[in-house]
Amino acid sequence: MDIFWSILCVCGIAIGQILFKISASGLKKAGTMFDVPSLAVLTAALALYGITTIGWVWVLQRAELGRVYPFMALAFVIVPVLSHFFLHESFNRQYMLGVGLIIAGIVVSLGGKA
């Protein structure tokens, strides 16, 4: 169950990153730091980060850091994938190789602890 909550926290962080990018793009397009829609998205991102941080502390109360922390590396996989689908950003073969290495690293680091 610790792994489920760890992955949920990572997903929250990844979604927060996408919201940060959407907010930053909106603020740039508006040309002002006071664009209400962009600030609303930024507020949502900050709230999600806050909730996710509280969730992560909750996970750490129940699990060893060394057991759950490798899942944080999944953010390096999830964020670009979400950016591809929601922001129409692209990635190349080297990225796919990197994703494979990150996933392999998580599997190796867990060494049957999952």
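This briefing covers aromatic pairs, a salt bridge and a nonpolar surface patch. The model is predicted. Four aromatic pairs are counted, and a search of the whole structure finds one salt bridge. A nonpolar surface patch of about 540 Å² is also present.

**Aromatic pairs**
- The number of aromatic pairs comes to four.
- F91 and Y95 have ring centres 4.4 Å apart and planes at 40°, so this pair is classed as tilted; the tilted class lies between the stacked cut-off of under 30 degrees and the edge-to-face cut-off of over 60.
- F91 has a relative accessible area of 32% and is therefore partly exposed.
- Y95 is at 17% relative accessibility and so counts as buried, the cut-off being under 20%.
- F4, W5 and W58 are linked into a cluster by ring pairs.

**Salt bridge**
- The salt bridge joins D2 and R67, whose closest N and O atoms are 2.8 Å apart.
- This pair links distant parts of the chain, 65 residues apart.
- D2 lies in helix α1 (residues 2-30), while R67 lies in helix α3 (residues 65-68).
- D2 and R67 are both buried.

**Nonpolar surface patch**
- The patch of about 540 Å² is made by M1, F4, W5, L8 and W58.
- Helix α1 gives the most to this patch, with three residues.
- L8 is located in helix α1 and, with a relative accessible area of 43%, is partly exposed.
- F4, W5 and W58, the residues of the ring cluster, are among those that make the patch.

Conventions: Residues are numbered from 1 along each chain as its sequence is written. This is a predicted model: local features need pLDDT of at least 70, side-chain atom pairs count only at pLDDT 80 or more; totals for chains, interfaces and linings use all residues. Side-chain values use heavy atoms; hydrogens and water are left out. Rings of Phe, Tyr and Trp (its six-membered ring) pair if their centres lie within 6.5 Å; planes under 30 degrees apart count as stacked, over 60 as edge-to-face and the rest as tilted. Buried means under 20% relative accessible area, exposed over 50%, partly exposed in between (1.4 Å probe, protein chains only). A salt bridge is a side-chain nitrogen of Lys or Arg within 4 Å of a carboxyl oxygen of Asp or Glu. Helices (H or I, at least four residues) and strands (E, at least two) are DSSP runs, numbered from the N terminus. Patches are made of residues with over 30% relative accessible area and no salt bridge: like charges are joined within 9 Å, nonpolar side chains (Val, Leu, Ile, Met, Phe, Trp, Tyr) within 5 Å. Accessible areas come from the Shrake-Rupley method with a 1.4 Å probe; for residues, only the protein chains shown count as cover.
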